[in-house]
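Open the model in your viewer and keep the selection tool ready. The stops below go one at a time.

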Amino acid sequence: MTDADETSFASRLRRARLEAGLSQGELAGQDLSISYVSHLEAGRREPTPRLTSLFERRLELPRGYLAGESWGQGRDEEVPEVSTADLAALASRVGRMRSGSSTEDLAAEARRAAELALGHDRPEMWWAMTIVEVRALMHIGDYTAAADAATALTAHPWVQSQPALAAEAHTLASKTSRRAVDRTSATHHAHRALEASADVGDPALRAEAVIAALATQALPGDGLLVELETLHHRLAGTHLGGLVAWTIGTHAFESGDVRDGLRWHKVAATEVNPDVDHRDWARFVGATCWMRVSRRVDDDVPELITLARQHLTWLGCTDELADLARTEAQWHEQHDRHEDARRVLDDALRLPGLAGLARGRLRLDRARTLRSAGDQEEVALEALSAARDLTLAGDAEGARVAWQLYDEVSTP
């Protein structure tokens, strides 16, 4: 093998896989065939950017590593000279953009600043700009890109050497991976966040890691919930304390304890602070609606729906508005108001910039509503559209349900 071969994608992939202790089958997972991975490692196939990113996440590699990049270096170009003052000015520009520019522009500019900082061995600025980028990508619903950027945070040696930063990075990677419907990555990063935060001694970092772990619904929850209640004593009266109470209440609802769920959500309502995070506060109001509707508790539901819609619309939270519409439609369905349910879903499907995952879930709910009205042909068409959207978005379980509904109404 030549020196050039040693630095090729094929060589890097094989070396990284062996160092991770994975077989070709384990690396392929359910997405690829073993023979395809074998062809890639032999240099007989060229990967797509999406597959390169997939392998880097599975092997916990820095973003760009398999393509030949390394930390602090550009791909095939020299890093331009930039002074510390220029970097500070660029960071200041990104800060100003957060209040006056489109979220798409903010994400792109933060990414540019992060890459420049990384190229000049300024990991602290790279960290701050990447955090801005991740949050901007989350805001516009590009969850896969957000998960890629957050995962890159976890892989940097500077982050790995500092448990507090590692805990925050893995928590963020878990949250973004969950929104990107990558449950395996979400669970992995949540587990790592729990490990990293265990000895830090910061109740806020620990609470965020525990919340991320519970959200995966894949890690044992009883002990984590007990720990979360203990953490609430230390965080009570703060915005994060409200998020802790929100999480505990939500799990109480899901376990069937409506009284305890309402009690904790009442605590959360006094602590989740719109001045700290308006988006979190609006999401909490919407989630409160969902918990009540899912348990057929009608108390204050119309008022909460109206309040949540007003604030989510003002914030431009399209995906959260779609979730709220699904909640409202289910509430109407529970009271046999099928036309109202359909109207709410139709309005939500016209939201600008609707992500594929949100659109697929709305369409699946709309298909169910149409089935209540007995319109089998339209149900089949809507279920088919839902299955397509959910498949493209990576929601295998949702796609399976949509296909099942399509088969049920299409089979004579």
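**Stop 1**

Helices (H or I, at least four residues) are DSSP runs, numbered from the N terminus.

**Before moving on**

This is a predicted model: local features need pLDDT of at least 70, side-chain atom pairs count only at pLDDT 80 or more, and totals for chains, interfaces and linings use all residues. Residues are numbered from 1 along each chain as its sequence is written, and side-chain values use heavy atoms, with hydrogens and water left out.

Colour by pLDDT, the predictor's confidence in each residue, from 0 to 100. The chain has a mean of 85, and 88% of its residues reach 70 or more. Confidence is lowest in helix α1 (residues 3-6), at a mean of 47, and highest in α20, at 95. Now select residues 70-79, where the pLDDT is below 50. Beyond near neighbours in sequence, this stretch has 14 contacts in the model. Contact means heavy atoms within 4.5 Å.

**Stop 2: aromatic pairs**

How many aromatic pairs does a search of the whole structure find? The search finds two. Select Trp 246 and Phe 284: this pair is edge-to-face, 5.3 Å centre to centre, with 70 degrees between the planes. The pair links distant parts of the chain, 38 residues apart: Trp 246 is in helix α15 (residues 239-254) and Phe 284 in helix α17 (residues 278-294). Both are buried. Return to Trp 403 and Tyr 406 for the other edge-to-face pair, at 5.8 Å and 85 degrees. Rings of Phe, Tyr and Trp (its six-membered ring) pair if their centres lie within 6.5 Å; planes under 30 degrees apart count as stacked, over 60 as edge-to-face and the rest as tilted.

**Stop 3: a charge and a loop**

Centre on Trp 331. The charged end of Arg 337 sits over its ring, 4.6 Å from the centre. That requires NZ of Lys or CZ of Arg within 6 Å of the ring centre and within 35 degrees of the ring normal.

Step to Asp 336, in the loop between α19 (318-334) and α20 (338-349). Its phi is near 60 degrees, a positive value in a residue other than glycine. Asp 336 counts as exposed, at 59% relative accessibility.

**Stop 4: another positive phi**

Select Gln 217, in the loop between α13 (203-216) and α14 (222-235). Its phi is positive, about 55 degrees, although Gln 217 is not a glycine. With a relative accessible area of 55%, Gln 217 is exposed.

**Stop 5: the cores**

The largest nonpolar core has 39 residues. Such a core is a set of buried Ala, Val, Leu, Ile, Met, Phe, Trp, Tyr and Cys residues joined through side-chain atoms within 4.5 Å. Leu 228, Val 244 and Leu 312 have the most contacts inside it. Select Val 244: leaving aside neighbours within four places in sequence, its contacts include Ala 207, Ile 211 and Leu 228.

A second, separate core of 32 residues includes Trp 127 and Tyr 143.

**Last stop: a buried arginine**

Finish on Arg 206 in helix α13. Arg 206 counts as buried, at 15% relative accessibility. Not counting residues up to four places away in sequence, Arg 206 touches Leu 194, Ser 197, Ala 198, Glu 227 and Leu 231.

Key:
Helix = DSSP H or I, 4+ residues; strand = E, 2+ residues; numbered from the N terminus. Buried < 20%, exposed > 50% of the residue type's maximum accessible area, 1.4 Å probe, protein only.
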